[in-house]
Structures are given as C-alpha cells and as structure tokens.
Amino acid sequence: RVATADDVIADPQLLHRDYFAHVDHPIHGQTWVERKGFDLHRTPGVVRHPGPTFGQHLWEVLTQHLGYDEETASTWVATGALA
C-alpha cells in the first residue's frame, strides 16, 4: 500500500520520533518538513529554516562561491540570463 501525505503525518511511529517540524515558508506559509532520519546525541539535527526559494542565494553563489565580480553578476541578473 502506498501511504498518502495524510497517512504519513499521522503515522504513530513518526509522531513518536518527532520526525516532522513545522516551519514558516515565505511562499507556502506554514508547512512541515522532515526533521531527521536518525538521532545524533552529541550533535542533534535542528531544522532552522525552510528550503530556499528559487534564486534566493543566487547573488551569494555568484560572487562569494564562484568568484564573479559584482558588475558581471549584476549584468547576468538584470538581463535574466540566469532565470
């Protein structure tokens, strides 16, 4: 049997293990996400924020991680080349 989303969020074992976390998403409002698949006692996993929206970290990736100068990155963003 395939479980529906309603089946999964009501599953007694997953509820007991505190498997899901509710987070506020800028587009979807309050939603739930998987918290963790296993327990780490010395470094417990914590859901701090929802997944990113489309392009949310584009500027950071272009300038800080890929090393493009601001002028080049601005041109690409302004022309929609990366959309």
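**Rings and layout of a predicted chain**

Colleague: What is the relative accessible area of tyrosine 68?
Modeller: Tyrosine 68 comes out at 35%, partly exposed. Buried means under 20% relative accessible area, exposed over 50%, and partly exposed lies in between (1.4 Å probe, protein chains only).

Colleague: And tryptophan 76?
Modeller: Tryptophan 76 is partly exposed too, at 28%.

Colleague: Where do these values come from?
Modeller: This is a predicted model, where local features need pLDDT of at least 70, side-chain atom pairs count only at pLDDT 80 or more, and totals for chains, interfaces and linings use all residues. Residues are numbered from 1 along each chain as its sequence is written, and side-chain values use heavy atoms, without hydrogens or water.

Colleague: How many aromatic pairs are there?
Modeller: The search of the whole structure gives 3. Rings of Phe, Tyr and Trp (its six-membered ring) pair if their centres lie within 6.5 Å; planes under 30 degrees apart are stacked, over 60 edge-to-face, the rest tilted. The rings of tyrosine 68 and tryptophan 76 have centres 4.7 Å apart and planes at 65 degrees, so they sit edge-to-face.

Colleague: Which residues form the aromatic cluster?
Modeller: Tyr19, Phe20 and Trp32. Tyrosine 19 and phenylalanine 20 are both buried.

Colleague: New topic. In what order do the elements run?
Modeller: From the N terminus, α-α-β-β-α-α. Helices are DSSP runs of H or I, at least four residues, and strands are runs of E, at least two, numbered from the N terminus.

Colleague: How much of the chain is buried?
Modeller: 12% of its 83 residues.
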